[in-house]
Amino acid sequence: PYFYGAYDYHRSNGWYFETGVTHEVPLEDFGVTLDFQADAAYIMGYNQQFVFDDPAHDTGFQHYDVGMVATYSLTRALAISPSYGDFNLKGYFFYTGKLNPALRADNVLWGGVGIEFKY
């Protein structure tokens, strides 16, 4: 479980809070790790900005996310020495859902692919 909080003093003058859980499932025989995630966000006095500034400062539960991150070890697959760092191929697949119809949020299915390097 985790908790994240941030105050935007530059533009929104409001708070963003997020709490969630993650569960990692390593599939060591394949060099793959699946990381399942779920979270919910609460905003307080937040001036939501998209294309134009909204003069209203909103408060309430805004959205939730559920999804998965799949990590494939390129270091292992390409037999690269760990002394050069860890190279991973990461795939993201998430669903974001609106919690409060009065607040700006979308129901969106999203994802992507990236390469990660850690040293």
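**Chatting through rings, charges and contacts**

Reader: Starting with Y42, how does it count at its relative accessibility?
Author: At 27% relative accessibility, Y42 counts as partly exposed. On this scale, buried means under 20% relative accessible area, exposed means over 50%, and partly exposed is in between (1.4 Å probe, protein chains only).

Reader: Ok, what am I looking at, and what are the ground rules?
Author: It's a predicted model, so local features need pLDDT of at least 70 and side-chain atom pairs count only at pLDDT 80 or more, while totals for chains, interfaces and linings use all residues. Residues are numbered from 1 along each chain as its sequence is written, and side-chain values use heavy atoms, with hydrogens and water left out.

Reader: Where do F3 and F17 sit?
Author: F3 is in strand β1 (residues 2-8) and F17 in strand β2 (residues 14-27), so the pair links distant parts of the chain, 14 residues apart. Helices (H or I, at least four residues) and strands (E, at least two) are DSSP runs, numbered from the N terminus.

Reader: And F3, buried or exposed?
Author: F3 counts as exposed, at 60% relative accessibility. It also belongs to one aromatic cluster with Y7, W15 and F17.

Reader: Back to Y42. What geometry does its pair with F61 have?
Author: Y42 and F61 are edge-to-face, 4.9 Å centre to centre and 70° between the planes. Y42 lies in strand β3 (residues 32-49) and F61 in strand β4 (residues 53-73), so the pair ties together parts that are 19 residues apart in sequence. F61 counts as partly exposed, at 49% relative accessibility.

Reader: Switching to charges: how many salt bridges?
Author: A search of the whole structure finds 1 salt bridge, meaning a side-chain nitrogen of Lys or Arg within 4 Å of a carboxyl oxygen of Asp or Glu. E116 pairs with K90, with the closest N and O atoms 3.5 Å apart. E116 is in strand β6 (residues 108-118) and K90 in strand β5 (residues 86-98), so that bridge ties together parts 26 residues apart in sequence.

Reader: How do E116 and K90 count for accessibility?
Author: E116 counts as partly exposed at 21%, while K90 counts as buried at 16%.

Reader: Last one, what's the backbone like at A79?
Author: A79 has a positive phi of about 55° although it is not a glycine. A79 sits in the loop between α1 (74-77) and β5, and is exposed, with a relative accessible area of 69%.

Technical notes:
Phe/Tyr/Trp six-rings, centres within 6.5 Å; stacked < 30°, edge-to-face > 60°.
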